[in-house]
Amino acid sequence: MQYLPLAPNGQTPVRALTIAGTDSGGGAGIQADSRTMAMCGVHACVAVAAVTVQNTVGVSGFHEIPPQIVADQVRTVVSDIGIGAAKTGMLASTAIIEAVAGVCREVGIGRDGSIPLVVDPVAASMHGDPLLHAEALDAVRHTLIPLATVVTPNLDEVRLLTGIDVNNEQSARKAAEALHALGPRWAIVKGGHLRTSEQSTDLLYDGDTFHELPAPRLATGNDHGGGDTLAAAIACALAHGYSVPDAVAFAKEWTYRCLAAAYDLGAGHGPVSPLWRLRTGPGSA
Ligand code: PXL
């Protein structure tokens, strides 16, 4: 596997920012993002948008951070530390989405700025527990996604956002077109939840060309945090200056390895794990 360049010990690594929710069980959200960023050799900055109460069985509640505090976290990190890319995950409400979109435009994060933005439009946990108020879907569609360098919904989120039920290659292409029409530079339709296919093929679309990115399907019930891991790894590669297709190809391979290393935890779904990276020498293939 191709690794991202690692900064020598003592030298400042590339930085990336995740704007998302916490997971008290340590599997998804900001915990998954920071773990993947660290294991990719990228310094993780975090802007907490919501605190979830959850374990491996489900999410039993969440607390939203005041929108101004979310925006202030982003502003203060960008002005001092500087970041190469940003990623959004669980943003919970219209007010938080509007505050995040406002500060992103202000500091140059997003498709028209100098800092690429990965938008993972998180709507629910894998157990179906809501992580976004239903009334905020319009803000995701019309305020957040148009800012994205790349948007990475899963198939449930594709259905919520576009009304399209993806069940074959043709509907995947239609969904990619509908997502792209919302304004991101690139749209991905992820095949991971399309259980009818033997491959897990992601479709990447820039309004012009469809790129197909196949990967072998891995049968595991331990896939908590898989979407976050993919989006965070894309952000890491973008922070290193990769093109979007190259960043997505890197992130797919990264996530495949993390799925293969997922472990049992608690009574529910265990997390995908980037800890396999500790078992190889620095930068080794
Ligand atoms: O995997 C999506 C996700 C994102 N963010 C938080 C989550 C989850 C899934 O449970 O809890 C905080």
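In this predicted model, the lining of the largest cavity is formed by Tyr3, Leu4, Leu6, Met39, Cys40, Gly41, Phe250, Trp254 and Arg277. Seven of these lining residues are nonpolar, one is polar and one is charged. The volume of the largest cavity is about 50 Å³. In total, three cavities reach 30 Å³ or more.

With a cut-off of 4 Å between heavy atoms, the residues around the ligand are Gly21, Thr22, Ala28, Gly29, Thr52, Gln54, Met90, Val122, Ser125, Leu131, His224 and Asp228. This shell divides into four nonpolar residues, seven polar residues and one charged residue.

Two side chains of the shell may be examined individually. An N or O atom in the side chain of Gln54 lies 2.5 Å from an oxygen atom of the ligand. For the side chain of Asp228, an N or O atom is 2.6 Å from a ligand oxygen atom. On its own the ligand has 320 Å² of accessible area, of which the protein covers 92%. Which elements give two or more residues to the shell around the ligand? They are strand E1, spanning 15-23, and strand E2, spanning 43-54.

Methods:
Residues are numbered from 1 along each chain as its sequence is written. This is a predicted model: local features need pLDDT of at least 70, side-chain atom pairs count only at pLDDT 80 or more; totals for chains, interfaces and linings use all residues. Side-chain values use heavy atoms; hydrogens and water are left out. On a 1 Å grid over the protein atoms alone, a cavity is a set of points where a 1.4 Å probe fits but cannot get out, and a pocket is an open set with protein on both sides within 12 Å along at least five of seven lines; lining residues have an atom within 4 Å of a point. Grid points are joined across faces, edges and corners, and a volume is the space filled by probe spheres set on the points. Ala, Val, Leu, Ile, Met, Phe, Trp, Tyr, Cys and Pro count as nonpolar, Asp, Glu, Lys and Arg as charged, and the others, Gly among them, as polar. A polar contact is a pair of N or O atoms within 3.5 Å; within protein, one must be able to donate a hydrogen and the other to accept it, and residues adjacent in sequence count only if both atoms are side-chain atoms. Accessible areas come from the Shrake-Rupley method with a 1.4 Å probe; for residues, only the protein chains shown count as cover. Helices (H or I, at least four residues) and strands (E, at least two) are DSSP runs, numbered from the N terminus.
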